[in-house]
Amino acid sequence: MSPAKGTPKRGVSLFSYQCMKNCSATLEDYFEDLADMGATCIEILASDVENYPNPSTAWVDKWFGLCEKYGITPGGYGHWCDTKLYGHRRLTTDEAVANLVRDFKLANLLGFHRLRTKITTETRNNDPEPGWEKYIEKALPFAEKYDVVIGSEIHDPTVISTPHVAEYIKFIERTGTEHFGFTLDFSTFQDPAKINAAHFRPPVDDPASTREDLLGILPYVRHCHAKFYFMSEDFTEPAIPYEWIVPTLVDNGYSDCIISEYQGGSKDDAFIMDQLRRHHVMLKRLLGY
Amino acid sequence: MVEKEIVQARGFRNTRDAKGNVDGFQFRIKTGYYKGIWLSQFRVGDAKVDGETIAREDVIWEINGIEYTPDEMLLIGDTYWQVATPATVKIRRPGGLEQGYHTVGVSFGWYCNYQAPERCHPQLGTNWAGYYWERELLLV
């Protein structure tokens, strides 16, 4: 029997607005923009939290006030597990766990259940550092306690067939955890041959993940970053095959968030806001809502 | 308001000691990165004024109202520096700078966990848009 169709929510990551972020846009400006394009969930980065990692109660109240006012729910919380925090040494396992738990608590406080987690890497291919299981496994009971899913990101240039993805799946199966999985970034499906000047990014020669690859990891996909570098006037991303990515997720019962993430490198606010709207026209057409 | 430029126009002025004597000058920068960083991830190099180099050891960095030497910051992994909060770069110089235009600049970068060593500058880590930033500013 085929699974019931999924009903993912359309969202936007504040990463998309990075050129505005260190200027004068306020948190409410972003909520207003999301609501304006019909997005119903939001992704923030840990660094979007005022006075991170210790927001005031007034800021937390403001956060929930904005969610209520604009009809937007917390979708994803992007954080980093930086074990190379100091130049002269790595964090100990306990220090790494403590920093993870600090983000779990904060995500929980702000209503997030999905994390985009960057595990320390030493390679361009995002291979996790040796020994990553030690601190991630020790953090799992806390992820359960604070009701969050650690979502290790699969992002270009990593493809789904990269050995470390299989290593993560082995870890999930061995521990039986429901609190570790993948944040799937659609950049892993981009066709390098179709990247053009409008994508605002240098050409790459990385391979692309396939539909079959996606089908193989679906049970472990807990959060999605709908990455795009350029949306054309006909509402397509020329280098990323959205036309089968979104239907494959829906047909297989995916009902978490699909978060738009613009990474095209333009510094023009108006252009980016238009690109996000083009992206949401495409998502609306693919989802039917 | 934070300006789009890395070196900020506002905040460029002479500084005074407790007795009111001009003892140096300061200017402000932001990283321009998409996220904040822990102080221990920040790396700085030398500063410059009108072509003259000022060694990194002689530059004081004020972040969130607290002054640090470059080496002190390397050990502080629990204080977060937000993207929209400019840092103040302070340089000791009895008498300060004269009224008028001056070109001031400083080198910096950062290390984050997802940056592979081969993509990093050996001392300054990463700074996608370049390591040295300067701007001609008017001292009132």
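This is a predicted model: local features need pLDDT of at least 70, side-chain atom pairs count only at pLDDT 80 or more; totals for chains, interfaces and linings use all residues.

Author: Let's start with how the chain gets to our strand: β4(A), helix α5 (residues 132–145) of chain A and β5(A) make up a β-α-β unit, and it is right-handed. Our strand is β5(A), and β4 (residues 114–119) of chain A runs parallel to β5(A), with four bridges joining the two. One spot to look for is A:Arg116, whose bridge partner in β5(A) is A:Gly151.

Now follow the chain onward. β5(A), helix α6 (residues 163–175) of chain A and β6(A) form a right-handed β-α-β unit too. Strand β6 (residues 180–185) of chain A pairs with β5(A) in the parallel sense, over five bridges. Here you can find A:Ser152 bridged to A:Phe182 in β6(A).

What about the side chains? In a regular strand they alternate between the two faces of the sheet. In β5(A), A:Val149, A:Gly151 and A:Glu153 point one way, while A:Ile150, A:Ser152 and A:Ile154 point the other way. Whichever way they point, all of these residues are buried. Because six of the six residues of β5 (residues 149–154) of chain A are buried, the strand is largely enclosed by the rest of the structure.

One last stop is the partner chain. Chain A has 31 residues in contact with 29 residues of chain B. Across that interface there is one salt bridge, and it links B:Lys4 with A:Asp269, the closest N and O atoms being 3.8 Å apart. On the side of chain A that touches chain B, α1 (18–21), β3 (73–81) and β4 each supply at least two residues.

Key
Residues are numbered from 1 along each chain as its sequence is written. Chains are lettered from A and ligands numbered from 1 in the order in which they are written. Side-chain values use heavy atoms; hydrogens and water are left out. Buried means under 20% relative accessible area, exposed over 50%, partly exposed in between (1.4 Å probe, protein chains only). Two strands pair if DSSP finds at least two bridges between them. A crossover is right-handed if, with the strands pointing away from the viewer, the path from the first strand over the helix to the second runs clockwise. Contact means heavy atoms within 4.5 Å. A salt bridge is a side-chain nitrogen of Lys or Arg within 4 Å of a carboxyl oxygen of Asp or Glu.
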